[in-house]
Amino acid sequence: MRSKFLGIGISLLFFLILELVVRFFGIHYLEQPEIFFVNLKKNFVESGKGNADIIVLGDSRSMALAGYPKDSETEYSVYNHSLPAMGPKYYRFFLDKYLKKGNTKPKMVLFAASPKLYSTGYGPPLYDPDAKSVKENESISAYMKRRWNEGIEKNFFRTPTPNNIISYSGKQEDANQILWEFFGHRYLHQFTFAELSEQYSGVERLFILSKSAPLLYQSYRFHGAIRNALSQTNWKVDKNYKEKSLFCESCENVEAGLCKPASSQLEDNLTIEDQITRHFGKYNISNRLKPELVLFSKDMIRKELDEELKNPKPYVYEKPDFIVLKELIEYTKTQGIEFGLVYMPWILEKQESQESKDLLADLKLFFRENPEAKLFFFPESSYPSDRFVDNIHYDCRGEKRVNEEFRNSVLPQVFRFLHSKEKSN
C-alpha cells in the first residue's frame with residue numbers, strides 16, 4: 001500500500017515540477033508557430049508597454065501591414081495588432097484588454113479587417129457555427145428547453161446524424177471540429193479563463209469556458225512545446241538567425257526557396273519574433289510557404305477566377321450588417337479614441353464583382369451616417385491575382401506594394417485626419 005502512495009506522490013511531484021517549469025521559463029518559444037505568435041502578442045499586451053499613437057486591428061491579410069516608430073519622417077507611431085482568424089467579437093474584447101492592462105491609450109484605432117468580418121454581424125454562436133439550430137446565443141434555460149423539445153421530436157435524445165464530415169489526416173471528422181482545432185486555440189491563448197467568462201454569456205460562455213478550463217494548467221496549455229523540447233534539434237539556434245531574417249526581407253530570396261522555416265522550433269520562433277519586433281507587429285505568413293506550393297496555389301486561384309467569369313452564379317445581394325463597426329465606433333468614442341477603417345486591396349476580379357461594388361457603396365453610406373469616423377483608401381482597391389497566394393493573403397511582392405502604399409498614401413491621410421481632430425478639440 002505504501003509503495004502505491006509513493007508512486008502516486010512521485011507522479012504528482014513530477015507534474016508539479018513540470019507545471020512550475022512551464023509556467024516560469026518561457027517554454028512557449030518551443031511551441032508551434034501559430035500558438036507562439038498568439039502568445040507573443042498576448043504577452044506584449046499584458047506587459048502594459050504598448051505606447052503607439054495608432055494601433056491597427058485586423059485579420060491575417062492586414063497582418064502584412066508594417067508599423068512604424070515616431071521619428072522625423074513619421075509623425076505618429078503605428079503598431080499592428082492584427083491576428084488571424086479571431087472572429088468579429090475579438091476586436092472589442094481586445095481593445096478593452098489593451099486599455100485595462102495599462103498600455104498607453106492610442107490616439108486612433110485603424111480597423112483593417114476583411115469585409116466579411118465587419119459586414120455580416122457577429123454571426124451564429126460558437127457552439128453552433130453553421131446556425132443549423134440557432135442563429136444567436138441562447139440563455140441556458142432556453143437551450144435546455146430547445147434540446148428537450150428536439151429530443152422528443154427527434155426520437156428522444158438520439159445523437160443527430162453528422163452531415164458535415166470530411167476526411168482529414170487519415171481520419172473522418174466533423175468540419176466544424178477541424179476548424180476549431182485549427183483556429184480555436186487563438187481565442188483560448190489570447191484571453192484568460194476569467195476574461196472569457198466576462199466576454200461571453202449563456203450557452204456560449206459554457207462552451208468557451210469548457211474549452212478554456214484545461215488551459216489553466218500551463219503544462220497542458222503548452223503541451224506542444226513540451227513535446228518539442230524533447231528533441232535536441234528544436235533547441236539549436238544559428239547565431240546568425242537575425243541576419244537570415246533580414247536576408248528574407250528580399251522577395252527574390254523568398255521566391256527562390258531560401259527562406260523556409262528553420263528545422264529548429266526555437267530558431268523559427270525567434271525569427272518570427274525578430275520580424276514582428278523590427279516591423280512593429282507585421283508578419284506576412286505567406287512568406288513561410290514553399291515556392292512550389294505558392295505557384296500551385298496561384299494557379300488554382302487563376303483557374304477558379306476564370307471559371308467564375310465563364311459560368312457566373314445568379315447574384316443575390318444581402319444587405320450588410322455593420323453592427324461590429326457600429327459598436328467599435330461607439331466604444332472608441334467613449335474612450336476618447338478616434339476610429340478609422342482602412343479598405344484593404346483585394347484580388348482585381350473579386351473587387352470588381354457586383355457584390356463588392358454594392359458592399360462598398362453601403363460601406364460609404366455607413367460612414368456618411370457616422371461622420372465622426374473615417375474611411376481610408378489605398379490608391380487602388382484591387383491588385384492583380386498574381387499578387388496573392390490565395391483568395392486572401394498577399395504574396396511577398398503584394399506585401400511590398402501594400403506597405404509602400406500604406407506608408408506613402410494611407411498614413412498621410414490618417415495623420416491629416418488626426419491633425420484635424422486635434423485642432424477641433
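Good morning. Helices, as I use the word here, are DSSP runs of H or I with at least four residues, numbered from the N terminus. On that basis, Ala 131 belongs to the loop between α4 (115–119) and α5 (140–153). Please bear in mind throughout that this is a predicted model.

I begin with the backbone. Ala 131 has a phi near 55°, a positive value in a residue other than glycine. With a relative accessible area of 27%, Ala 131 is partly exposed. A second residue belongs in this part of the talk: Phe 280, which is not a glycine either, has a positive phi of about 55°. Phe 280 is found in the loop between α13 (265–278) and α14 (291–310), and its relative accessibility of 27% makes it partly exposed.

I turn now to the aromatic rings. The count of aromatic pairs comes to 23. One of them joins Phe 44 and Tyr 79, whose rings are stacked at 4.9 Å centre to centre, with 10° between the planes. This pair links distant parts of the chain: Phe 44 lies in helix α2 (residues 33–47) and Tyr 79 in strand β2 (residues 78–80), 35 residues apart. Are these two residues buried or exposed? Phe 44 is partly exposed, at 26% relative accessible area, whereas Tyr 79, at 13%, is buried.

The next pair is formed by Phe 378 and Phe 406. Their ring centres are 6.5 Å apart and their planes meet at 25°, so the pair is stacked; the reason is that planes under 30 degrees apart count as stacked.

Where does the charged end of Arg 407 sit? It is placed over the ring of Tyr 68, 4.1 Å from the ring centre.

Finally, I would draw your attention to Asn 228, in helix α10 (residues 223–229). Asn 228 has a relative accessible area of 11% and is therefore buried, since buried means under 20%. Which residues does Asn 228 touch, leaving aside those up to four places away in sequence? They are Leu 30, Glu 31, Gln 32, Asn 234 and Gln 265.

Thank you for your attention.

Technical notes:
Residues numbered from 1 in each chain as written. Predicted model: local features only at pLDDT ≥ 70, side-chain atom pairs only at ≥ 80, totals over all residues. Heavy atoms only, no water. Phe/Tyr/Trp six-rings, centres within 6.5 Å; stacked < 30°, edge-to-face > 60°. Helix = DSSP H or I, 4+ residues; strand = E, 2+ residues; numbered from the N terminus. Buried < 20%, exposed > 50% of the residue type's maximum accessible area, 1.4 Å probe, protein only. Lys NZ or Arg CZ within 6 Å of the ring centre and 35° of its normal. Contact = heavy atoms within 4.5 Å.
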